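The sequence and structure come first.

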Amino acid sequence: MVVTFKRKIYRKLLDWKENGHGSTAALIEGARRVGKSTIVREFAINEYDDYLMIDFSNIRS
């Protein structure tokens, strides 16, 4: 089951995809536990055949 999130960030990600033509990266910043990873994952599932998500919060020193 795919849950669709209706948020302003989703529209901004669509604009980024349409206007960037694959030549830029997206960096999503914000407070913890507000749904950043969730919305990016849903965007990737809905808008691309394949995706790679790098989560820098899981880096070990």
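The text below covers the core, then the surface.

This is a predicted model, in which local features need pLDDT of at least 70 and side-chain atom pairs count only at pLDDT 80 or more, while totals for chains, interfaces and linings use all residues. Residues are numbered from 1 along each chain as its sequence is written, and side-chain values use heavy atoms, with hydrogens and water left out.

**Core.** Y10, L13, L14, I39 and F43 make up the largest nonpolar core, which has five residues. Such a core is a set of buried Ala, Val, Leu, Ile, Met, Phe, Trp, Tyr and Cys residues joined through side-chain atoms within 4.5 Å; buried means under 20% relative accessible area, exposed over 50%, and partly exposed in between (1.4 Å probe, protein chains only). Two or more residues of this core come from each of α1 (8–20) and α2. Helices are DSSP runs (H or I, at least four residues), numbered from the N terminus. The largest share, three residues, is from α1.

**Contacts.** Contact means heavy atoms within 4.5 Å; neighbours within four places in sequence are left aside in the table.

| Residue | In contact with |
|---|---|
| F43 | Y10, L13, L14, W16, K17, Y48 |
| V40 | I28, M53 |

V40 lies in helix α2 and is partly exposed, at 23% relative accessible area.

**Surface.** Y51, in the segment after α2 (36–47), is partly exposed, with a relative accessible area of 41%.
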